[in-house]
Amino acid sequence: MLEPVSQPECGLVAEVVSCDVFAGRSRKEIEELEVYAGNRRRKLGDFFSVSGSAADSPEETRIVIAGSVERTKWIGRGMSAGEIVVEGSTGMYTGAWMKGGRIVVKGSVDSFAGMMMDGGELVVQGDAGDYLGCAYRGEWRGMRGGSIVVHGNAGSEAGHCLSGGRVTVKGRAESFAGVRMHSGLLVLGSAERRVGAQMTGGSIVVLAETELLPSFELIERVTSPEIEGVRFEGVFEVYAGDLAERNAKGRVYVKVE
Amino acid sequence: MSLQAPERLEERVVVRDVGCTVCGCLCDDIELEIEGGRIVQVRHACAMGTAKFLHATGDSRLRHALIREDGSFRRAELQEALDRAAEILVDASRPLLFGWSETSCEALRVGIKIAEEIGGLIDNCSSICHSPSILALQSTGLPACTLGEVKNRADLVIYWGANPLASHPRHLSRYSTFPRGYFRERGKSDRTLVVVDVRRSETARIADRFIQVKPNSDYEVLTVLRMLVREIKVKAERTGGVSMEELKELAEMMKSCSFGVLFFGLGLASSSGKSWNVSAAIKLAADLNEHTKFAVLPMRGHCNVAGTNQVLGWQTGFPYAVDFSRGYAWYSPGETSVVDLLARGEVDAMLVIGADPGAHLPRKAVERMAEIPLIAIDISHTPTTMLADVVLPGAVVGLESAGTCYRMDDVPVHVRQVISPASEVPSDEWVLEQIYRRIRRLRG
Ligand code: SF4
């Protein structure tokens with residue numbers, strides 16, 4: 001259990017908050033873990049009061065952050081197993097490069113959550129910032145596996161360069177959701193314009209009407225389809241795209257009834 | 001390069017081939033008449049360039065260092081101001097060095113050294129202008145060319161979301177449209193000029209063809225053009241307010257020219273869609289290269305904004321928004337870029353050089369600048385210096401100090417020193433080097 005005591009204004013870089021790192025460490029050792037406040041090297045114990053004890057393996061380790069840590073970045077970076085529960089909101093890069101295990105954020109996450117994710121599960125009960133489940137800058141293959149579920153809204157470019165796995169935004173996603181996506185499944189409650197721009201593969205499901213680019217072509221109407229292994233109830237229009245790209249095999253399903 | 005101030009020039013002289021360090025055209029054919037150390041006549045430059053040359057030796061220059069005390073400035077000894085600047089940077093845990101577009105690559109090189117030494121952040125103006133273009137070229141590539149190639153070869157010149165007659169006054173006359181080139185002996189008569197914009201700008205008025213798009217629909221228009229070039233059927237009758245007929249004609253023009261170039265401005269890179277607009281333009285040019293030779297170039301604004309991306313690129317691996325807080329270079333626009341950093345209140349000290357963020361950043365970012373210790377290096381007072389705690393005078397690169405700047409097409413141009421500096425410092429590079437030395441001393 002980590003109780004936030006103070007949060008530095010300049011932001012806290014704390015990728016050590018991960019079940020892989022905590023497992024097998026004593027409370028004292030966890031307090032001593034290195035974090036960065038700007039360019040200053042500090043200890044995790046300077047910003048959180050640590051209680052409880054970690055299990056021996058990451059699988060059995062459960063970390064609870066009892067409050068909001070909006071200025072703490074990189075929580076759960078590269079985590080392979082175990083569970084992190086955050087009772088408030090988190091900063092940027094939550095669950096980036098995650099490989100397994102589960103992160104539940106009861107508040108909201110800032111931008112770049114689930115960046116380059118490979119496996120595991122990220123659940124956000126509030127909203128997500130921009131670049132949810134995106135690729136690292138300059139990389140053209142993004143998230144490759146695992147699942148992200150956001151119960152609220154997401155910023156722009158959710159599922160940017162998605163190359164596998166599943167991203168669900170129950171609320172509204174801002175523009176360019178699924179931009180340049182290659183494979184995988186992106187489900188959006190509703191979406192602002194330019195969904196699936198430059199996509200070459202994978203499927204996007206939009207559960208409300210949306211304005212598609214002129215490079216998407218209506219190919220059929222289907223009822224209660226199974227898309228990438230998931231069944232969706234209702235009537236959907238199926239669009240192929242993005243036809244401005246070469247060999248584009250992407251599909252956008254727009255719910256009409 | 002010497003870091004000593006030269007002797008004052010007293011006689012009346014004419015200096016030729018001076019570089020103009022104002023806009024990205026970086027014209028290097030300016031002629032100056034100088035008398036008693038003052039510029040009395042400027043030839044070949046546009047109005048913007050002329051104004052800068054005349055201002056350089058005018059009365060409004062910052063000549064001395066200033067330190068803010070109890071809310072107002074007092075004149076300070078240079079040494080004292082340099083000491084103070086170094087202390088501010090060493091004390092900060094998330095210092096940001098910002099600007100660089102109007103200074104030399106040599107000065108920036110010292111800036112990067114400082115950023116690395118103090119574990120700070122370094123960002124430049126492209127963060128708030130052409131960063132979408134940079135993100136696009138990182139993810140898509142860039143079929144570019146030099147302005148020399150445009151002048152000698154281009155028979156189709158397109159400006160998209162740019163109004164060079166106002167922003168880069170000599171761009172058309174010196175590089176793109178009017179000059180006689182090796183394969184374009186008749187100048188303008190051998191070229192077709194097309195302007196795509198949301199309004200009929202000055203440049204649009206002299207164009208052979210003007211295509212007006214609805215604001216924030218450039219991405220759709222470019223997407224349709226890409227499809228037309230690749231002969232993919234398009235169902236829509238109009239896109240972004242433009243008829244299919246017009247778009248087909250434009251696509252045909254692009255395919256049938258012998259050397260085409262598309263210059264895009266912030267009208268494309270900063271409107272809705274941003275980097276994806278630019279990426280669509282780049283992909284369009286890439287597709288066109290199956291039919292003809294086609295290039296894309298961003299209309300970079302300041303004289304050395306392109307150089308900052310070059311120097312940061314070869315020194316750190318990243319073109320802007322570089323974070324050294326953990327000892328190595330980390331790059332993540334959206335996190336490590338100036339507006340985001342200031343608006344989130346992460347930055348706790350800032351040094352500004354060769355830019356005026358006080359006038360150009362969003363209000364929330366400027367409010368943060370006012371809260372934190374701020375060092376400004378500039379040649380005259382600006383909204384930024386008004387917020388500063390320490391003001392250090394600079395020297396105009398290409399006039400009062402020598403150095404390297406990169407033209408908008410990434411061609412480096414060495415600009416010379418022509419007159420002695422109006423201020424008490426020989427160059428921006430020298431000022432930064434003094435700060436660097438003090439930082440080293442303070443950090444032991
Ligand atoms: S076009 Fe630009 S570089 Fe050339 S003279 Fe005018 S301001 Fe100077």
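Is His130(B) buried or exposed?

## A tucked-in histidine

In this predicted model, His130(B) is buried, with a relative accessible area of 1%. Here, buried means under 20% relative accessible area, exposed over 50%, and partly exposed in between, using a 1.4 Å probe and protein chains only. You'll find His130(B) in the loop that runs between β7 (121–124) and α4 (131–140) of chain B.

So who are the neighbours? Leaving out residues up to four places away in sequence, His130(B) touches Phe264(B), Gly265(B), Leu266(B), Ala269(B), Pro298(B), Met299(B) and Arg300(B); contact means heavy atoms within 4.5 Å. As for Met299(B), its backbone oxygen sits 3.2 Å from a polar atom of the His130(B) side chain.

## Where the two chains meet

Now for the interface. Chain A puts 36 residues into the contact and chain B puts in 45. Together they bury about 3500 Å², with 46% of that on carbon and sulfur atoms. Buried area is the accessible area (1.4 Å probe) that two parts lose on being put together, summed over both. On the chain A side, Arg137(A), Pro214(A) and Arg246(A) lose the most area to chain B, together 16% of what that side buries.

## Charges across the gap

The rule finds 12 salt bridges across this interface, each being a side-chain nitrogen of Lys or Arg within 4 Å of a carboxyl oxygen of Asp or Glu. One of them joins Arg193(A) to Glu220(B), with the closest N and O atoms 3.7 Å apart.

## Reading the numbers

Residues are numbered from 1 along each chain as its sequence is written, and chains are lettered from A in the order in which they are written. Local features need pLDDT of at least 70, side-chain atom pairs count only at pLDDT 80 or more, totals for chains, interfaces and linings use all residues, and side-chain values use heavy atoms, leaving out hydrogens and water.

Technical notes: Helices (H or I, at least four residues) and strands (E, at least two) are DSSP runs, numbered from the N terminus. A polar contact is a pair of N or O atoms within 3.5 Å; within protein, one must be able to donate a hydrogen and the other to accept it, and residues adjacent in sequence count only if both atoms are side-chain atoms.
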